[in-house]
2 protein chains.
Amino acid sequence: MKAKLIGEGTQHLICTPLTGRTREVILTELATVLAKQPDIIEWRADFFQGIADSGQVVATAAKIKEFAKELPVIFTIRSASEGGEPIALTSRQAIELAGAVCKHTAIEYVDCELSNKPEDIVYLRQVAHQNNTKIIASFHNFDHTPQRELLQQKFTEAESYGLDVAKVAVMPKTLEDVLTLLSATLEAKARLKIPLIAMSMGGCGAVTRMIGGLFGSSLTFAVGQSGSAPGQMPIEELRTVLAIVHKSLDGD
Amino acid sequence: MKAKLIGEGTQHLICTPLTGRTREVILTELATVLAKQPDIIEWRADFFQGIADSGQVVATAAKIKEFAKELPVIFTIRSASEGGEPIALTSRQAIELAGAVCKHTAIEYVDCELSNKPEDIVYLRQVAHQNNTKIIASFHNFDHTPQRELLQQKFTEAESYGLDVAKVAVMPKTLEDVLTLLSATLEAKARLKIPLIAMSMGGCGAVTRMIGGLFGSSLTFAVGQSGSAPGQMPIEELRTVLAIVHKSLDGD
């Protein structure tokens with residue numbers, strides 16, 4: 001089966017994160033994860049011990065891409081303020097590192113948080129697009145679910161910047177928050193041209209990882225070996241549910 | 001495992017309908033369905049050829065209850081205007097027949113549509129409660145999903161009549177309708193004391209049969225041998241998804 005990019009096809013694609021701390025651990029993790037046949041791999045480079053060494057990061061990213069073959073790879077440095085591991089880089093340095101990955105590897109996607117400075121986002125967009133890399137513009141809130149209007153605004157911002165995919169991941173405090181996230185996603189899907197990724201986190205929001213595809217999310221994250229955010233489920237279970245959800249759409 | 005009544009326990013209970021036209025077919029169907037271990041059985045008596053003969057109906061209901069043993073049984077005459085089979089009885093006659101089932105069998109639940117005349121609903125409530133039978137007050141719309149306020153009003157009406165369970169089943173035209181049903185259910189769950197059953201029908205709403213339990217629905221309908229409404233899934237698939245959904249709630 002040909003590998004799909006985010007937004008291609010009608011199935012909710014499954015992305016599995018890599019969270020190892022060293023190159024060896026990451027490549028072992030990648031082998032484990034590939035055996036479980038995700039659709040996309042995300043390297044969460046903020047977990048990487050060598051994150052401050054651009055050469056090591058680029059070499060490891062290139063190796064991951066090589067091993068992943070035709071499977072698309074996302075390069076992500078999640079900032080500590082949006083749920084990532086604490087690292088020694090400034091946000092500008094992280095942006096430049098993502099730019100280096102665009103320039104020197106065949107990785108298909110880099111993540112860029114919308115909380116970055118506008119000039120940094122524009123810089124990364126230029127480097128990425130010059131190198132045929134797509135940008136996932138992301139917004140995370142690990143504390144609560146902002147109001148529907150703010151969620152919609154985040155989706156819109158991604159498109160306004162000329163970025164390629166919009167991602168919103170927020171923490172629900174109530175099940176009403178879960179419905180708010182789904183409703184905002186549905187509305188943005190109808191309005192915007194770029195693919196969306198949307199989820200409610202934690203146990204309360206885990207159901208959005210299973211049914212979000214119906215409401216306009218193109219990608220869902222699942223655990224291959226280790227999870228990278230609260231509420232992620234094992235890939236095997238998620239795949240089982242997605243197949244049943246997809247089939248149920250044909251119910252008359 | 002002890003049989004559960006609607007509203008007991010934290011799991012979304014699974015109800016499987018019987019839709020045979022003759023007593024023999026119904027009892028064979030019951031044997032097939034019982035092997036699949038639903039939590040509750042619903043006899044859709046509007047499918048029964050002998051529906052106009054009270055003696056036959058009561059005898060068949062008693063036999064179903066006998067074979068179902070400790071598993072709770074719902075006796076339902078779904079009116080043609082709410083998605084049932086056309087039958088020769090008036091709505092008053094259908095109410096009296098449900099009353100006879102309360103009086104002469106050990107069946108635990110009878111369904112009563114909220115579209116019945118108020119005096120008929122009150123009559124059935126009296127007969128049912130005198131005979132220790134519970135009433136599921138139901139509202140169906142096979143054409144569309146009414147506004148949130150009307151859905152909430154239907155849940156409320158069931159409790160105002162002093163009935164025991166409130167059921168709302170509606171057809172979505174959009175995924176926003178599906179969210180409206182879930183949101184109205186969540187609100188009613190917080191406000192009312194009686195258990196609720198709620199679902200969006202058809203392929204578009206099928207997901208509510210899987211995740212409705214999170215939003216306050218206590219019972220979901222699945223196909224044992226034959227479905228009785230659009231969007232119902234095979235019991236095996238539904239049980240698989242419910243187990244994963246339930247487990248996912250513990251995600252941190």
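Reply: Happy to! Strands here are DSSP runs (E, at least two residues) and helices are runs of H or I of at least four residues, both numbered from the N terminus; two strands pair if DSSP finds at least two bridges between them. This is a predicted model, where local features need pLDDT of at least 70, side-chain atom pairs count only at pLDDT 80 or more, and totals for chains, interfaces and linings use all residues. Residues are numbered from 1 along each chain as its sequence is written.

In chain A, 9 strands form an open sheet with parallel pairing, in the order β7-β6-β5-β4-β3-β2-β1-β8-β9. The edges belong to β7 (196–200) and β9 (233–234) of chain A, each with a single partner strand, so one side of each has no neighbour in the sheet. Further in, β3 (residues 73–76) and β4 (residues 109–113) of chain A run parallel and are joined by 2 bridges. There, F75(A) stands opposite V110(A) of β4(A).

Helix α4 (residues 118–130) of chain A packs on the sheet and touches β4 and β5 (134–141), its direction making about 170° with that of β4(A). Helix α5 (residues 148–160) of chain A also packs on the sheet, touching β5, β6 (165–170) and β7, at about 155° to β6(A). These angles run from 0 to 180 degrees between N-to-C directions, with axes fitted to C-alpha atoms, for helices over the stretch in contact (heavy atoms within 4.5 Å).

S200(A) counts as buried because its relative accessibility is 0%, where buried means under 20% relative accessible area, exposed over 50% and partly exposed in between (1.4 Å probe, protein chains only). Beyond its neighbours within four places in sequence, S200(A) has contacts including V170(A), P172(A), L181(A) and R209(A).

Methods
Chains lettered and ligands numbered in written order. Heavy atoms only, no water.
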